[in-house]
Amino acid sequence: MSASAAPIARAQDQLRELLQRGITLDIAAQGTLGDAPVRRSSVLILFGALDRTPSTTSHPPATVPPELDVLLTMRASGMRHHAGQIAFPGGGAEPEDADVAATALREAHEETGLDASGVDVLGTLPEVHIPVSNNLVTPVVGWWSLPSEIAADSVESVEVFRAPVAELLDPAARGTSVLNRGAMRFRGPAFKLGPRFGGQVVWGFTGILLSTLFDELGWTVPWDATREFPVQP
């Protein structure tokens, strides 16, 4: 293995080791219970090595290699739930899906066009209930061993991109999302994407999952939780 490949291989090993030992997800609801019937779903948290979009952060953390990335989408504005938000690809289970990983891979292919045969499934995180959409969601963690072309399907996703993890971990990109719903206020860890990704805020379920993973992996560097990012439902 070349010296340049070693850090990426180590990141993959860290992910696999974390999934083997297991973690607890403490995800506070970002809204009240919706009126949709309960449905089981999966999302794909897909890490890999950047091939076209290098990290541009001026303060790259020493905890991750600069070429490490994660696949994200922007949901279409017409979606019933989480419209216009940055999210992992994913969706509801179908009868033909063999398991939660099959659901995540099928949905990711439909939303981004990725070739699922190039994804190694490393494991799953605990199932999480998302009250707003009334989904029971299983996060599936994958590694992009053979990256393929991606493009938004324009139905569920309007943008797909590979975000450098080093940029997400930059303290300048970290903050706390603040969502006001009537008299209620919801707060959670969030990430502000750079201008080339539209300056969108990654918050809610996606932001909490990323923050939890980074903390558990030991990748997080100190950041200012008092910085607030107002968000809209």
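**Helix, burial and core**

Analyst: α1 is followed by Gly22, whose phi is positive, near 85 degrees. This is a predicted model, where local features need pLDDT of at least 70, side-chain atom pairs count only at pLDDT 80 or more, and totals for chains, interfaces and linings use all residues. Residues are numbered from 1 along each chain as its sequence is written, and side-chain values use heavy atoms, without hydrogens and water.

User: How do you know that the span of helix α1 agrees with its 16 residues?

Analyst: Helices are DSSP runs of H or I, at least four residues. The expected span is 1.5 Å times one less than the number of residues. For residues 6-21 that gives 22 Å, and the end C-alpha atoms are 22 Å apart, so the two agree.

User: What makes residues of α1 count as buried, and which are they?

Analyst: Buried means under 20% relative accessible area, with a 1.4 Å probe and protein chains only. In α1, Ile8, Ala9, Ala11, Gln12, Gln14, Leu15, Leu18 and Leu19 are buried. Among the elements covering them are β1 (39-49) and α4 (204-217).

User: Why is a set of residues called a nonpolar core?

Analyst: Because its members are buried Ala, Val, Leu, Ile, Met, Phe, Trp, Tyr and Cys residues joined through side-chain atoms within 4.5 Å. The largest such set here has 43 residues, with Phe47, Val70 and Trp219 making the most contacts inside it. α4 gives the most to this core, seven residues. A second, separate core of eleven residues includes Leu46 and Leu105.

Note on methods
Helix = DSSP H or I, 4+ residues; strand = E, 2+ residues; numbered from the N terminus. Buried < 20%, exposed > 50% of the residue type's maximum accessible area, 1.4 Å probe, protein only. Contact = heavy atoms within 4.5 Å.
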